[in-house]
Amino acid sequence: MTRARPSLGAPPALLVAPAALASVFLVLPLVALVIDTPWSQLWGLLGTERVRQALWLSAITSLATVAICLVFGTPLAWLLARVEFPGRGVLRALVVVPLVLPPVVAGVALVSALGRNGLVGGALDDLFGYRLPYTTTAVVIAHAFVAMPFFVLAVEGALRSTGADFDAVAATLGATRWTTFRRVTLPLILPGLMAGSALAWARSLGEFGATITFAGNYPGTTQTMPSLIYTELQGDVEVARTISMILLVVSIGVLAALRDRWLRVP
Amino acid sequence: MAAGPVTGPPVPGLRVDVDVPGRLRAAFEVPRGSVVAVLGPNGAGKSTLLHAVAGLLGDIGAVAVDGETWSAAGSTSRLVRERRIGMAFQGQSLFPHLSAEANVAFGPRSRGVDASAARAVAADWLTRFGVADLAARRPGQLSGGQAQRVSLARALATDPQLLLLDEPFSGLDIGVATSLRLELGEHLAAFAGTTLLVTHDALDAFTLADTVLVIDDGEVAQLGAPADVAARPLTEHVARLVGLNVLREGAQLTSFRPDAVTVSLARPEGSARLQWSGRVLSTAPHGDALRARVETSTGADLLADVTPAAAVELGLAAGREVWLSVKATSVQQYSAAPTPSATPSGTP
Amino acid sequence: MYCLGMTTLRAGALAAALLVLPAALTGCGSDDEPGGGGGDGGEITVLAAASLTETFTELADDFEADHPGVTVTLAFDSSATLAGQAVEGAPADVLATADTATMQDAVDGGAVAAGPTTFATNVMTLVVPAGNPAGITSFDDLEQSDVDYVACVETAPCGNVGAALLAAGAIDHEPASLEVDVKAVLAKVTSGEADAGLVYVTDATAAGDQVESIEIPEADSQVLEYPIAVLEQADDADLAQEFIDLVLSSAGQDVLATAGFGAK
């Protein structure tokens, strides 16, 4: 069953050529990685405790990051898109800043705020004896800090494009703002939430600089896949390559499974 | 409230005295149960009036419905969701992710009715509009006419005090619009509250409404019964709508029908005040006659009806230089009353 | 897809740039020596282990003073990373690592042209932040479960030796974090984010008042030898050798000794 397509002519070379270059640019390093990987080692390495711990840690911290983004980032995006308040523009700009911060700088900022001698961290330590660095919680915090701007931007974009008109319609029908959010806004921005979650998840999975600066690097508690790979680069490059491959395969697998159902924007 | 004879003047169904800066300045009142057709050219402020009364434009003046103050200058106005309004928007604005039934049930549910009772109310209203079989369909699967019916059902399902309809027939096929107009007429007759119906169509005004409110350039230009407005239009827009020629000098208006106009090539005899020279802009069939639109040297456009035979004789076509004249006996003269405003009778 | 709001991105970028600028200006890491005209002089790039930061910076200054017109570019990183870069053909002239194992990697990778020659030795020590907030008095105190101490990853020379010393001292309590190089360990201690850290004696010297040192028993049994070599890919092998000669000279050795390095 062939679908009738409009006779618009062949795509112009002026567009195809750069597109082809971009494709090669993006695909070549991945192909090279696949070719260079000692595949025989892969299964064996997958069985080592270090790799399993790192995989597990990456999995739970990235999922926790997405959860945090959904619970805290969605209301923030809604506030920025739907409510007018003094300083909104400033807040919007500040929320985006972690996006452009080099990850290590983000880590330094987190230490300044939440480290044992930090602005809030110091108080936490003095009052409750609770210290954030070197804990898995710290890893999640670092991930959420760098991933949330992606999420908020995606969701705020979705909120702007679905329009506030439906909010007015719901109000004329007698709905409170919370009911409107729950029954009208949220279902309509679902694709945006999914896209934002995917972005946040991906950023969290690859996060390294802020994590190692703020949370540390220790197998089982704070050593995520990227940290493990960097550590192994110090010693055995082949092992580092193989572990990179594992991370790549897992990521592609998850994205492929999600792609058709969630990432497609209607 | 104690039973017994009602004393004092009847409470108006809708009293409005609003000022939306730069867009609309309107003050009027109508009795309860009125169906008010809001006429006027594009951008005059018709939809603005609806949005203002609904509370969607914030604090803009005084609005009182059935004697209850919804907003008043100097005090906080009632929130949109606390006003018992049923609003049908231009383009329907049905929730795209909910079925037709869920859309109609949304109002009752939001006001605290439980899910199954709300569904029953929705099913009832969909039946009344003849679209019960579309209950499970999403708005994307409905035709224009069907969506408009669902939209109207949704507005009425909340049992409102005030019905606000924004161009309910725009974008519909003539046949669909006609049947929908008839149905809406029946529903409006059964509706106890007041209705504001914004429309471009004179037919809507004269078949559905008992009051016509003309808005022009952000001001109320005329308020009256349809027959009065049609016979003595105060604005060119309404004159065009009802097919009348209207000329205005200050507060004096002169109106005459197109079929009272005589078209000639040579300058006619008679009163110079009722003669105009001009150039034909366009011609179109109108019933048995040919209606010509003529741009006169005074700047005003006039309509003139001629028989097809006369048209041929005159060589009537766009660009033709002609003279128009009308007999003094065929002309109506009237003055524009001051803009109708609400004189508060009783407490606001 | 969805419009991402370019105005907010621009505002955010500006805000971030203002925040980052001071950090970038005082950045650590590779040190660019201001070159004095380039024409008749030469240029050499030296890859050196992180623990050589202060000493090699000073030696580079001395070298430039002795050789007007010559620019010395320094790159400090973990020894393993530098050895790897040298093998990959990074444009450098001299490699100086913190242990012989990493230098051997470079030799095996065919990156070494001349040498290696040992130019200094180092031993490890335990440091705590100034004021010793955790009250650590001996190496054994690391055994306590509420002490957060940091060490290098085992794949780095400082980590390798550190692990050996911990094992020798029968310390079962694991470190809270493994940093990629010794300077990162030191930074955690000086900022007070760690109760203690295993670093080189030279790092403790360099940190001055910011840390207090506690001797590690058996530290002298684990001596790190620092080798230096000319790289295959050196543009100017003679100039590179001259730099090495400076390092090995009595003047160079004085600089190293002042910093706490042991004799070669």
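Student: Which domains does the domain assignment give for chain C?

Tutor: This is a predicted model. For chain C, the assignment gives domain 1 (41–122 + 225–259) and domain 2 (124–221).

Student: How many Å apart do the C-alpha centres of domain 1 and domain 2 of chain C lie?

Tutor: Those centres lie 26 Å apart. The two domains are in contact, with 14 residues of domain 1 of chain C meeting 14 residues of domain 2 of chain C.

Student: Which elements give two or more residues to the side of domain 1 of chain C that touches domain 2 of chain C?

Tutor: Look for helix 2, helix 3 (79–87) and helix 4 (100–108) of chain C. By class, this side of domain 1 of chain C has 5 nonpolar, 6 polar and 3 charged residues.

Student: Now a strand. Why is strand 2 of chain C largely enclosed by the rest of the structure?

Tutor: Count neighbours. A residue is buried if 20 or more other C-beta atoms lie within 10 Å of its own. In strand 2 (residues 43–49) of chain C, 6 of the 7 residues are buried, so the strand is largely enclosed by the rest of the structure.

Student: In which sense do strand 2 and strand 3 of chain C pair?

Tutor: Strand 2 of chain C and strand 3 (residues 71–77) of chain C are parallel, and they pair over 7 bridges. Then trace the chain. From strand 2 of chain C, the path goes through helix 2 (residues 53–66) of chain C to strand 3 of chain C, a right-handed β-α-β crossover.

Student: How many bridges join strand 2 of chain C to strand 4 of chain C?

Tutor: There are 3 bridges to strand 4 (residues 94–96) of chain C, and these two strands also run parallel. Here C:Ala48 stands opposite C:Ala96.

Student: Let's turn to chain A. How many residues does the contact take from chain A and from chain B?

Tutor: Chain A supplies 14 residues and chain B supplies 15. On the chain A side, helix 8 (165–172) and helix 9 (177–188) each supply at least two residues. Helix 8 of chain A gives the most, with 6 residues. The chain A side divides into 9 nonpolar, 4 polar and 1 charged.

Student: What pLDDT does chain A average?

Tutor: The average is 88, and 96% of the residues score at least 70. Among the elements of chain A, helix 3 (residues 49–82) has the highest mean pLDDT, 94. Helix 13 (residues 237–263) of chain A has the lowest, 78. Where pLDDT is low, the predicted coordinates should not be read in detail.

Terms used. Residues are numbered from 1 along each chain as its sequence is written. Chains are lettered from A and ligands numbered from 1 in the order in which they are written. This is a predicted model: local features need pLDDT of at least 70, side-chain atom pairs count only at pLDDT 80 or more; totals for chains, interfaces and linings use all residues. Two residues are in contact if their C-beta atoms, placed from the backbone, lie within 7 Å. Helices (H or I, at least four residues) and strands (E, at least two) are DSSP runs, numbered from the N terminus. Ala, Val, Leu, Ile, Met, Phe, Trp, Tyr, Cys and Pro count as nonpolar, Asp, Glu, Lys and Arg as charged, and the others, Gly among them, as polar. pLDDT is the predictor's confidence in each residue, from 0 to 100. A residue is buried if 20 or more other C-beta atoms lie within 10 Å of its own, exposed if 12 or fewer, and partly exposed in between; C-beta atoms are placed from the backbone. Two strands pair if DSSP finds at least two bridges between them. A crossover is right-handed if, with the strands pointing away from the viewer, the path from the first strand over the helix to the second runs clockwise. Domain bounds come from an automatic or database domain assignment.
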